[in-house]
Amino acid sequence: MTNKHPLDPFRPPEPPSELKARALRAAEGAPRAIKSVPPPQRAFGPWDWAWAASLLLLILAHTLLGAASPKHAPSERAARPVSMQDADLAALGITNQMMSAPPSRMRRDRIQGDPSEVAGL
Amino acid sequence: MSDDGVLAGALAALARGEKEAMAVIYDAVGRDLYGFALWKTGNPDDASDVVQEVFVRLAQAGTTLGGVSKPKAYLLGMAHRAAVDLFRARRRTAPLDEALLLDGGAGPREHLTAREASLAVAKLTPEQREVIYLRHFCDLTFSEIGKVLGISLFTAASRHRLALNQLRRLLGVSL
């Protein structure tokens with residue numbers, strides 16, 4: 001029984017004598033990498049100014065004209081007062097707000113408001 | 001100073017741009033790199049190409065070499081990858097007809113010659129061969145072998161055990 005390694009008396013072959021010079025020569029000619037090269041900085045040129053100005057104009061136009069557009073106008077329905085035809089509804093306690101607000105909101109308003117109304121629901 | 005200490009200093013010098021460190025690295029690890037490459041490629045010309053490629057990659061690595069913790073394993077890992085790339089490029093397998101072993105200083109063991117030992121080594125699988133080389137001739141730990149070959153520590157240890165058993169069987173050495 002032996003614990004010796006089966007390859008103990010042997011050794012791997014020597015490299016050829018010219019290999020050192022060859023390897024060093026090859027390494028000499030290799031380009032050396034430089035770590036973390038910063039990306040080249042581009043100057044802020046006329047095209048960049050033009051883009052910035054047009055973007056600014058677009059934002060400005062949207063701000064100024066946006067409020068005047070129909071989309072942003074106050075809702076006619078919400079502003080509508082209780083008309084003469086609605087007088088009967090008004091007498092029943094049905095307000096214009098009840099007609100325009102969603103029921104869930106009305107219920108929440110009632111819960112936060114008059115407790116007697118809540119009991120009546 | 002240990003091999004790893006010399007190599008760490010040389011790699012740090014190389015990272016600072018001192019090209020003379022290349023010769024120090026070759027003297028410290030050139031033989032191991034060549035032997036490893038020869039065991040992987042089975043051809044002296046290919047093995048020389050692998051060693052040359054390692055030094056080219058070292059030169060290209062530049063400042064990244066400063067933080068290498070296990071220099072010998074790192075360089076053997078470079079040789080492993082260079083050999084893999086070479087095989088990919090040349091699209092052929094290693095014939096392993098060259099002498100992979102020479103007689104050591106103590107002379108041949110019993111009746112066994114270096115030629116017979118080389119033939120036995122050639123019969124191992126490439127994976128077993130490289131693990132045997134790294135463990136026996138480069139004195140790497142299984143953890144380092146795992147890093148060199150890109151395998152786990154346990155795989156490296158298991159391959160080594162199987163390779164050793166196979167080698168003992170082939171050489172007719174009792175366990």
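Let me start with one pair: B:Asp85 and B:Arg57 join their side chains in a salt bridge, 2.7 Å from N to O. B:Asp85 sits in helix H4 of chain B and B:Arg57 in helix H3 of chain B, so this pair ties together parts that are 28 residues apart in sequence. B:Asp85 counts as partly exposed, at 31% relative accessibility. B:Arg57 is also partly exposed, at 21%.

Before I go on, please keep in mind that this is a predicted model.

B:Lys72 forms a salt bridge with B:Asp32, and the closest N and O atoms are 3.2 Å apart. Here B:Lys72 lies in helix H4, residues 71-90, and B:Asp32 in helix H2, so the pair ties together parts that are 40 residues apart in sequence. Are these two residues buried or exposed? B:Lys72 is buried, because its relative accessible area is 11% and the cut-off for buried is under 20%. B:Asp32 counts as buried too, at 12%.

Over all chains, the structure holds ten salt bridges. Three of them are found across the interface of chain B and chain A. One salt bridge between the chains pairs B:Asp49 with A:Arg22, with the closest N and O atoms 2.4 Å apart. There is also a network of salt bridges that links A:Arg11, A:Glu14 and B:Arg31. A:Arg11 is partly exposed, with a relative accessible area of 30%, and A:Glu14 is partly exposed at 43%.

Now the interface as a whole. On chain B, 50 residues are in contact with 29 residues of chain A. The two chains bury about 3,600 Å² between them, and 63% of that is on carbon and sulfur atoms. Four residue pairs between chain B and chain A are in polar contact, counting pairs with both residues at pLDDT 80 or more. Several elements of chain B each supply at least two residues of the side that touches chain A, among them helices H1, H2, H3, H5, H6 and H8. Strand E1, residues 102-103, is another of these elements. Which element gives the most to that side? The answer is H2 of chain B, with ten residues. By class, the side of chain B that touches chain A has 28 nonpolar, 14 polar and eight charged residues.

Next, the nonpolar core. In soluble globular proteins, nonpolar side chains tend to be buried together. The largest nonpolar core in this model has 66 residues. Those that touch the most other members are A:Leu7, B:Ile25, B:Leu33, B:Trp39, B:Phe55, B:Leu58 and B:Leu134. H2 of chain B contributes the largest share of this core, twelve residues.

Which residues does A:Leu7 contact, leaving aside its neighbours within four places in sequence? They are B:Trp39, B:Leu101, B:Val121, B:Ile132, B:His136, B:Phe137, B:Leu167 and B:Leu171.

B:His136, from that list, lies in helix H6 of chain B. B:His136 is buried, with a relative accessible area of 17%. Not counting residues up to four places away in sequence, B:His136 touches A:His5, A:Leu7 and A:Asp8.

Staying in H6, which covers residues 126-136, we come to B:Gln128. B:Gln128 is buried, with a relative accessible area of 14%. Beyond its neighbours within four places in sequence, B:Gln128 is in contact with B:Arg159, B:Leu162, B:Ala163 and B:Gln166.

B:Asp139 lies in the loop between H6 and helix H7, residues 142-149. Phi of B:Asp139 is near 55°, a positive value in a residue other than glycine. B:Asp139 is exposed, with a relative accessible area of 62%.

Last, chain A on its own. The secondary structure of chain A comes to seven helices and one strand. Of the 121 residues of chain A, 17% count as buried.

Conventions:
Residues numbered from 1 in each chain as written. Chains lettered and ligands numbered in written order. Predicted model: local features only at pLDDT ≥ 70, side-chain atom pairs only at ≥ 80, totals over all residues. Heavy atoms only, no water. Helix = DSSP H or I, 4+ residues; strand = E, 2+ residues; numbered from the N terminus. Buried < 20%, exposed > 50% of the residue type's maximum accessible area, 1.4 Å probe, protein only. Contact = heavy atoms within 4.5 Å. Buried area = accessible area lost by both parts, 1.4 Å probe. Salt bridge = Lys/Arg side-chain N within 4 Å of Asp/Glu carboxyl O. Polar contact = N/O pair within 3.5 Å; in protein donor to acceptor, adjacent residues only side chain to side chain. Nonpolar A, V, L, I, M, F, W, Y, C, P; charged D, E, K, R; others polar. Core = buried A, V, L, I, M, F, W, Y, C linked by side-chain atoms within 4.5 Å.
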